Amino acid sequence: MIQRVQSLYLLAVLILCIVCMCFSVGRFVGENGDVVAVLNNLTLEIGEQTSFKPWALFVELVLVCILSFFTIFTYKKRMRQIRMTIFSSIVLIGWYVTYGLFVYSLSGDLEASFRPSLMAAFPLVSIILNYLAIRAIGADEFLVRSLDRIR
């Protein structure tokens, strides 16, 4: 149900990941201050050329969006909801690993420094919201089990 607080957390994760997919996550800046390349989750724009090298970042965010969407509607199976949310957090951590490796490999190739954008922080906020959702789902599960013991 959407009125539960954990569903709102998961909906916020979904929205943040969609916004992160749509905007750039950083820029490569040369020594003279000019922008050499722009890094998006799906593309790398170097001047007029567009490369699809960072496709893995996009795929990981799409997977998190799909998981968050289905997790919202599995409210009757709370343990499955917790497992799906934990897996979503692991994928988001994997996004940061992929992001870091990609930036590290391109910094040497382009001979430019990297400046992350605000959108690069959205997956971290999503991890925090996933943690809050796991706590709320666990509290619901504890309440349901305690009511079963009273009967």
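Axes here are lines fitted to C-alpha atoms, for helices over the stretch in contact, and angles run from 0 to 180 degrees between N-to-C directions. This is a predicted model, so local features need pLDDT of at least 70 and side-chain atom pairs count only at pLDDT 80 or more, while totals for chains, interfaces and linings use all residues. Residues are numbered from 1 along each chain as its sequence is written, and side-chain values use heavy atoms, with hydrogens and water left out.

**View 1. Helix 1 against helix 2.** These two pack at an angle of about 155°, and their axes are 9 Å apart. That makes helix 1 roughly antiparallel to helix 2 (under 35 degrees counts as roughly parallel, over 145 as roughly antiparallel, 65 to 115 as roughly perpendicular, and the rest as oblique). Helices (H or I, at least four residues) and strands (E, at least two) are DSSP runs, numbered from the N terminus. The crossing of helix 1 and helix 2 is left-handed, meaning that the near helix is turned anticlockwise from the far one by less than a right angle; clockwise would be right-handed. On the helix 1 side, look for residues including Leu10, Leu14, Cys17 and Met21; on the helix 2 side, Phe58, Leu61, Cys65 and Phe69 are among those in the contact (heavy atoms within 4.5 Å). The tally for this contact is 15 nonpolar, three polar and no charged residues. Ala, Val, Leu, Ile, Met, Phe, Trp, Tyr, Cys and Pro count as nonpolar, Asp, Glu, Lys and Arg as charged, and the others, Gly among them, as polar.

**View 2. Helix 2 against helix 3.** Helix 2 (residues 55-72) packs on helix 3 at about 165°, again with a left-handed crossing. The axes of this pair sit 9 Å apart, and the two helices are therefore roughly antiparallel to each other. Helix 2 brings residues including Leu57, Leu61, Val64 and Leu67, which meet a helix 3 set that includes Met84, Phe87, Val91 and Trp95. The contact residues split into 14 nonpolar, seven polar and one charged.

View 3. Five strands line up in the order 4-3-2-1-5, with antiparallel pairing (two strands pair if DSSP finds at least two bridges between them). Strand 4 (49-51) and strand 5 (113-116) stand at the edges with a single partner strand each, so one side of each has no neighbour in the sheet. Neighbouring strands are turned by 20° against each other on average, direction ignored. Helix 3 (residues 78-110) lies across strands 1, 2, 3 and 5, running at about 160° to strand 2.

**View 4. Strand 1 and its two partners.** Strand 1 is joined to strand 2 by four bridges, running antiparallel. Gly26 stands opposite Leu39 of strand 2, and Arg27 has Val38 as its bridge partner there. On the way between the two strands, the hairpin has five residues, and Gly33 takes a positive phi near 95°.

**View 5. Strand 2 meets strand 3.** Residues 35-39 (strand 2) pair with residues 44-46 (strand 3) over three bridges, in the antiparallel sense. Ala37 has Ile46 as its partner, while Val38 is bridged to Glu45. A hairpin of four residues joins the two strands.

**View 6. A salt bridge between Arg4 and Asp140.** Their side chains meet at 3.0 Å, N to O; a salt bridge is a side-chain nitrogen of Lys or Arg within 4 Å of a carboxyl oxygen of Asp or Glu. Arg4 lies in the segment before helix 1 (5-22) and Asp140 in helix 4 (residues 122-150), so the pair ties together parts 136 residues apart in sequence. By this rule, the count comes to three salt bridges.
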